[in-house]
Amino acid sequence: MVDFVKRISGVNPRKCMKCGKCSASCPAYDEMEYHPHQFVDMVETGRLEELMNSKGIYTCLSCFACVERCPRSVEPAKLIEAVRTAVVRQQDKTHLKPDAIPALLDDELPQQAITSAFRKYRK
Amino acid sequence: MSVNEQFQPTIVAFCCNWCSYAGADLSGTNRLQYPANVKIIRIPCSCRLNPMFILRAFQKGADGVILCGCHPGDCHYTTGNYYARRRMTLLFSMLDFMGIERGRTRVEWVSAAEGAKFAATMNEFVDTITKLGPNRRLEDLRCRKE
Amino acid sequence: MQRIGVFVCWCGSNIAATVDVEKVSQVLAQEPGVVFSTNYQYMCSQAGQEMIQQSIKEYGLTGVVVCSCSPRMHETTFRKTCEKAGINPHMVEIANIREQCSWIHKDKEVGTEKAIILGRAAIAKVHLNTPLTAGTSPVVKRALVIGGGIAGIQTALDIADAGFEVDIVEKQPTIGGKMTQIDKTFPTLDCAACILTPKMVDAAQNEKIHIYSYSEVESVKGFVGNFNVTIKKKARYVDEVKCTGCGLCTEKCPQKKVPNLFNLGLDNRRAIYIPFAQAVPKVATIDADYCTMLKSGKCGVCSKVCTAGAINYQQKDEFFEQQYGAIVVATGFNPIKLDKYDEFAYSQSPDVVTSLEFERLMNAAGPTGGTLLRPSDGEHPHTIVFVQCVGSRCDDEKGKPYCSKICCMYTAKHAMLCREKYPDTDVYVFYIDVRTPGKNFDEFYRRAVEEYGVHYIKGMVGKVVPQDGKLKVQASDLLGNRQLHIDADMVVLAAAIEPDETARPLATKLTASMDTNDFFTEAHPKLRPVESPTAGIFLSGACQGPKDIPETVAQASAAAAKVIGLLCKDNLTCNPCTAEPNELMCNGCSSCEKVCPYGAITYVDKEFRGPNRTTLIRRVAQVNPAVCQGCGACTVACPSGAMDLKGFSNQQIMAEVDAICR
């Protein structure tokens, strides 16, 4: 599974020098259980199970600030994207079900956000 | 030569003194094996290699000739390997025209630190030449040993 | 016919285990010209060498073949041995039967056979060897130091101490370099100017040292021991001899809006200026980009106030040539440009500064007179955030891949000084690793933390946003597992350092090699750290890699020692294996002249005997053996085959080819 994540993300977590600039740049830091620098470390040390069960992978905005700022070009957001893909591709692991949408709607939410969330969180 | 006996090619390797000869020494120091068919001649720089030497080697019965020099940009004499590269390109296209297989001649850049690359290159080159078989076209039969 | 002796070495079991040395020596004894052949356990030992010498005398040998380890190992040893026994050292050839035979083969039969062939090739070559004598070339007893920072000054002082003439070429109007801009030095906190300016004065007063300030190296010709350097003295529009350095012009000049580069643009100076009070030489310079007189011809205030009459608007760049025996490169470093790191808001807020700018803000001679004030509003800052590794240790496209080495220490120094001078300030240092290898360095850093209460936080700053006169700093605290939001008054960036931009073009002029980061490469990374691979070029200071002051001074003195070692010699021994044209065959086509990388080949008109007692004048090539390095490029370029290389002649190499292929 670790190899799968590395392969589809194209990220080499060994390049990480643990500077923490990704976590420093992250706008969703406080919403996450594991922070971008921890993501990288967990993939590197093979603790993928915890990561896949974490709610944090859905809070990532995919704003790619960490990718932009990382001095070593490790690109943590791509790892998170890959882990999320690995999870939602499993049977019954679709994160956002169509039935749940009406309850989440509010007037200020742009249409585009719903579409993109749909793309991102389900198979 | 009997049919069953495996063909043992004669291969001349010209190595520049500063990088490739040291690279060849390093592959020895690291005990990296390559076939004994390869005999190395030391020249000060790859640009010292006169195309005449290659023709002479083929005339005298060599089956393959390889030139090793410093990597482009690393020449001890600053520009020598660039000259060598141009000359060899020209010579090889002439040899091609004469019907000598392209695989029989080769230029490879080997630095003093690349012992492993030297051994690998030589293994590969001997393989290629063994497959190509003996060099007949340029060999001067008068020079042939009995 | 040569009388050749063959000596096969066992090298203990290194060779003897895979090569039948007895058989090799027996078979080689049958070769034509071989009059003596033997084998011995350790040919390079005292006993082995004596055996060779004895055999030379006993059998009247004229040539020697040693079948042993690589010539890179013991060629010199055996050549010396034979020289002592009375034969020319270049009559010795080595057959490499260890590195290129016994060590790469396992089968003894195969190894023996190959050793015999390699031996034959060496014998064939010795048959055609001729005695060679190395020429000598004189050494010019004068050194050139390029760059007048602390590295260049130290090198020049040390060379001058040994009694040799030294010239310093500095592109700025004053020597002193980066160290003049620094406030205090770690780890002792003594003032940089207090320890540097006496050295600058020493250099200026030393009669062996000549300083060319505001000058650059235009071109370099020649070779070790005899470089011919053209120096460009840039027009400073002030007569250096007449100017007394009184500074009146710099006060009266009406052009007041010129960024003061000495203070990194933090304040302004006039168009005519002396960089700082202790400048050496203390001579004014006109900045041609800003001077109204030079631009429009209307002003001339400085020339009116100058009592010495030193102002000369007509001054032009001057060029002059000088001979040197050795050249020392001491071009130093610069902090990188920070355009790529806009997340730190360097271009958006004047309160985000680089560490070098911070040095000027702390310096008593700086724009704020030594009081730490925010550049934006002149207020005293209460919260200061230091960010380390800005542009260092990055992926190739994002910055510099190397560690800039000095930032950890100077940041600790800055943080400590802030807390010492202004105990009411909060100081945060964001670090990835704190690297403090060096004498008293880690103790210094611990003092910053323990005694001065600097907040060291493992993590990195993600972004800085200027907002309401504050700098909103968002950072990570990895050990605290939290994200920090700090309202800072100032942010100080420890920018990576890179080689000076003049280093690359200079390297081309010197034919010295550089790495991908534009640092000069050493002849050997461990054993020859202050020499360039190009003979006669030496490296001093940060042009070779990031260095702090103690290391720079150490390397500067080391480079000086190497230069002195070279200049002490009256003559240098040249490589005897040089190209040699056969004048009777040369047709004067200039092909060889064009390919020679050293410019060693010239053409001369020479008289030859023609038919019927006439004389002919023909243009023929001539090689300067002191310049020729023996690469052989010309030998192949020569269309008539007139050019040959001594020691590696066409015939010799062909004899080797024949011996291998036969």
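I count a helix as a DSSP run of H or I with at least four residues, and a strand as a run of E with at least two. The model is predicted.

**Chain B, elements.** I counted four helices and four strands in chain B. Read from the N terminus, I get the order β-α-β-α-β-α-β-α.

**Chain B, dimensions.** I looked up the radius of gyration of chain B and found 15 Å; the globule rule gives 15 Å for 146 residues, so chain B is as compact as a globular protein of that length. Its C-alpha trace spans about 45 × 35 × 20 Å along the principal axes.

**Chain B, interior.** I find 53% of the 146 residues of chain B buried. For contacts in chain B with a separation of 6 or more, I note that 83% join residues 24 or more positions apart.

**Chain C against chain B.** I looked up this contact and found 34 residues from chain C and 35 residues from chain B. On the chain C side, helix 4 (98–102), helix 5 (108–128), helix 17 (633–637) and helix 18 (650–661) each give two or more residues. Helix 18 of chain C gives the most, eight residues. Sorting the chain C side by class, I have 18 nonpolar, nine polar and seven charged residues.

**Chain A against chain C.** Here I found 14 residues of chain A in contact with 18 residues of chain C. Helix 2 (residues 21–25) of chain A supplies the largest share of the chain A side, four residues. By class, I list the chain A side as five nonpolar, five polar and four charged residues.

How values were computed
Residues are numbered from 1 along each chain as its sequence is written. Chains are lettered from A and ligands numbered from 1 in the order in which they are written. This is a predicted model: local features need pLDDT of at least 70, side-chain atom pairs count only at pLDDT 80 or more; totals for chains, interfaces and linings use all residues. Two residues are in contact if their C-beta atoms, placed from the backbone, lie within 7 Å. Ala, Val, Leu, Ile, Met, Phe, Trp, Tyr, Cys and Pro count as nonpolar, Asp, Glu, Lys and Arg as charged, and the others, Gly among them, as polar. The radius of gyration is taken over C-alpha atoms; the globule rule is 2.2 Å times the number of residues to the power 0.38. A residue is buried if 20 or more other C-beta atoms lie within 10 Å of its own, exposed if 12 or fewer, and partly exposed in between; C-beta atoms are placed from the backbone.
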